[in-house]
Structures are given as C-alpha cells and as structure tokens.
Amino acid sequence: MAEILLSEAEKAFIHHGVQDDLRCDGRTRLDYRPIILETGLVSNASGSARLRLANSDILVGVKVELASPSPDKPQEGRLEFFVDCSANATPEFEGRGGEDLANEICRFLQRSYASGDTINLAELSILSGQQCWVLYVDILILECGGNLYDATFMAVKSALYATQIPSIKVATMDGDQPELELSDDPYDTKRLNTENLPCVVTLMKIGNHYLVDPTPEEECCSSSGIVVAVSGNKKITAVRKIGSGSLHPDSLVSMLKTGSDVGAKVNKTLMIKLLEEKNLEKSQKVGFMR
Amino acid sequence: MPVDSRRLQGPENSFSYKLLEKKNDNEEEAALSADLQKILIGTNKVRKDKRIPSDARPLCNVTITGIVSQAKGSAYIEQGNTKLVCGVYGPREVQKKSDFSLNGQLFCEFKFAPFSCQKRRGHQQDNEELVLSGLLREALEAAVCLHQFPKAQVEVNVMVIENDGSPLAAALTCASLALASASIPMYDLVIGTSVRQLPKLLLLDPTKDEEWEPELNHDEDNSNLTIGFMPSTHQIAAYVHEGVSKTEDLEQMLKLATEYCLKVQPVVQLCLKEVVEKTLSNESENKVDE
C-alpha cells in the first residue's frame, strides 16, 4: 500500500483519536467516508462502475464474452478478475510495483466470489459443456486513498449489477457445433442476480481498538487488521489477516462479528442506492467531470 | 499471466485425465451437502484415513538439520502425505533494488513442485503461489524479531513436494522450524493448522479430498480455515478463511484450531531441543579433538 511517512507525534495523535472514538476527520471508529458511485459510464463495456471513496478512485469495467467452459465445470460460466494498479495512483505502482497488491486483491476477489452461495454461475451457462459466458471484470485503481479492498469490492458489485448480458439462443445443432443466435433487439438483455455478492469490510487494529474504512495515515499506524467479505445474506465468504502484526483470538472474534454486521449494512445500503440509480433517467449521468 | 519465453510451452489446453473419471459418476457431482458429508466421513464418524473428525494427521519425519546443507537453516515436514522442505538463508545484505528499511526484511517464496498436485503446476510462480508467499511472509514477520538484524534480509524458501491438503499450515510450521534452526531470533514459533467446516461438523487438518472446493449447489456452511498460531504469546499470525460460514461457526473453528496448536507446541519444541543438543554435543566433541 502507499507508504506515507508519519512522525511519531503524528502517529500518537492518531492513536489517541482512535482511543477517544474521534478520528482526525471527525468520524467515529465505525463510520465510512463519503462514497460517490455511478454505473454505466463506459459505453464499450457491458457493465461498468466508478466508485470514489474519499480519495480512493476505482473504475471497473465488465466485458461479457463467449467461451467454452472449463472441462471440470461444464455447466458453469466463469468470472475472471484482473486488478490493475495504475501508476497514476502512486508512483510506487510504476512498472511492476503494484503487482503484489493487485495480486492480493485479485485472489481475494476470486476466493470470495467462488462459492455458489454468492453468485450462481450456472446462470452463465448457455450450452452445457460447449458454450458459456465469461465475465471479464477489469478493475482499474486510479487513485489510492486508503481502504482499497472495500472500495474495489463495492465497485465490482455495482459493475456486475449494471452488467447486461444479451440473450442468446441455441438455434440449431450443426453436427457437433452448436449454432448460436443473438437476439436482434439490443435491449433484450438480462441482468445477473447480484443480491448476494459480497462486500468487504476492512478492520484495522490501532492500539486496543479497531476501526473501519482506514485512511492511508491510519493504515500506516496499524500493524495488523482483517478483511472480511460478507455476502448479502450476512454470511462470511472469505477472511484474511493483513499486515505484519498478530492478533489475539478474542479480538479477532470480536472483529469478525463487527465486520459481518457492518458488511451486511454496507451491502444493504449499496443495493438500495443501486436500485435508486437504475430508476434515474439517463440524462442525469454525471460522468468523470465532477 | 506472463509466460517464460525461453521454456518450451506445452499445449495450453491440456487437462488432467482424472476429470473424465469424475464425469462417469454424475451422482457424486450432484451430491447435496448431506451426501458430501457421508462421502467424507462414514456413518460411524470415522474419516477415510481412520481419523475421528477432531484428529489431525501426525506430524512425522520432522527433520531439521542438514536437509538443505548449504542453507543456514532448513526443515522438512511430513503431515500425512503433505510433504515440504524449507530452507532459510541469511541474514545477509539487502539487494539494492528493494527499498531501504531500518528493520530487517523477510523474503518468502512459496512454490509447489510441478508434480506436487493433481493438476500440473507451472515452473513460474502462479497467482496462488504468490499470494501464499505473501501470507507466509506476513505471518512470519509477526514472529521474527526484525529489529535484531537491521538493514539485512532473510530469505525463506518453501517447496511443496507433495500436496495432500493444508499446505499453507504445514509451511508455517516448517518455516518457523527452519528459521529457528538458522538461529534467527523469534518471539515465538508459528504453528499452522487447517480446519474444514461441513454443516454441523468440523474436520481438523483436512486432506486434499476433504478440503473445501467451491461448488455450485451445496455451499452453505462449507469452508476452510487456515491459521498460524503463536502458542506462547497466544497470538494469531495468519488467518485465512474461504467459503461460506456464519460468524459463530468461525469462532468454533478458531477454537478447535488454537487448541490443536497448543497441543502440538511441545512436540515442535522437542524437535528443536534435539537439534540444539546435537549441535552442542558435536561442538564439545570437536573441542576434545583439538
């Protein structure tokens, strides 16, 4: 993550703030920073979303393509995640600098979306063993203002929510090869069921307390924390410890509990907002110039 | 995924013939969670390898000295059929390319041998291996006294020779033994263990067949947890959870895992004690010779 140099005095200030439940920007420990979200910005993508969580800026594009399913899962489509840390975000990401972080996020996305309980990959199957949809989810990190995990997951969920999958029919079987027929109507599309897709909550431990949505400065003060992926039905789908410190089992359990509560709330709010946005008119789109 | 152009690339679309085997008995694939449980453990609550659910495979053939004779410290561990070697080099001068840090730095490399899993692995580290390396590093950083070797680096290389489930857990134990045998100062040993959650049942130290794999139909309350626990300081250094579970279940799993680690601690300590005694007696023998 972006390294920030903080003096001991600054660190102590943040520590005391967390202790008194009043952080530098006036939030309590369990408050998020303001989030700006818009979907459908990239016209060439099947679904896209741009999310700004204070200074973290994430752009997600989903491309829908046809492919043959993997031999071990003939009845399922697939999701492919790719995270790209743009060198614009911080100079450290230049060249291969952001690769480790990108890999970590990517793998965590894969694992938390892996379970059949979050996304029904059978929905993406067209012809068992022959054709399926592949959703390429490309994540671009444009600016790095702390809490990348949460921001990325929210943006991915929103982009998948907005993704339109064209309806396609298997018309005839020409020998072994199926002939696919794409609907003439460009608006004849379906959306995925995104209700249960996971949102992530990052909990960082500072002193004896933990907090959500850390700023880069706070991340710098903390040696350890956890990221919890919580699905729409309040179940935990993946967890991992981050940072080089260690945690006591009791505090870990309490962090998990808080994480799942907060995650469920975030998920619910996000779904409400996405529905609101969907019902808005096209002309009200804001775009990047804001 | 970048490919090594100097190596001859095999056909990209080859797959294990074992997949064909599975297709024949469709029943097993469509099995519901209850049936899955029956497959993994019989009606008399005994697993395939005759363990009871809360039983781990014995740590056997733990060898600490001389496995890799050129390394400063090394260890070899067999946990059932999971076999791995770890070599530790350093502390030595930090290579120029990495950033300056006053504290010591750890470099971890986690690699599966190409033939170690059912599916063939590539020669280059793939995404999963990179993430496992990162997890290993973060866990060991919590245990190693990094301030004791400022401006120097220690390299930890783990090679999985055979993977029969819980490779990360075995790697954590193995790496901390290797670090200890290399006389790297540590706060505590990290002992790794895995727990597989089935609906209403927890399996300690799962084998490859028992490990959680994302499935389409029966995924509720199915998950895998790997922890790295430091028994003397009672701290968790690594925590990775994948799959869908409730918070209460996670608490149960954590408890089972930590209890096991506390039981294993004396065994691991005994191994180290033997090494120390051996080296001391060798030294005194050498002195007599002089």
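Visitor: In which sense do strand β14 of chain A and β9(B) pair?

Guide: This is a predicted model, in which local features need pLDDT of at least 70 and side-chain atom pairs count only at pLDDT 80 or more, while totals for chains, interfaces and linings use all residues. Residues are numbered from 1 along each chain as its sequence is written, with chains lettered from A and ligands numbered from 1 in the order in which they are written. Strands are DSSP runs (E, at least two residues) numbered from the N terminus, and two of them pair if DSSP finds at least two bridges between them. Strand β14 (residues 236–242) of chain A meets β9(B) over four bridges, and the sense of this pairing is antiparallel.

Visitor: Which residue in β9(B) does A:Ala238 stand opposite?

Guide: The contact between the chains takes 35 residues from chain B and 36 residues from chain A, where two residues are in contact if their C-beta atoms, placed from the backbone, lie within 7 Å. On the side of chain B that touches chain A, the largest share, 11 residues, comes from β9(B). Within that strand, the residue opposite A:Ala238 is B:Glu242.

Visitor: Which residue is the bridge partner of A:Leu79 in β6(A)?

Guide: Strand β6 (residues 131–143) of chain A pairs with strand β3 (residues 56–67) in the antiparallel sense over 11 bridges. With strand β4 (residues 78–85) of chain A, β6(A) pairs in the parallel sense over eight bridges. In β6(A), the partner of A:Leu79 is A:Leu135.
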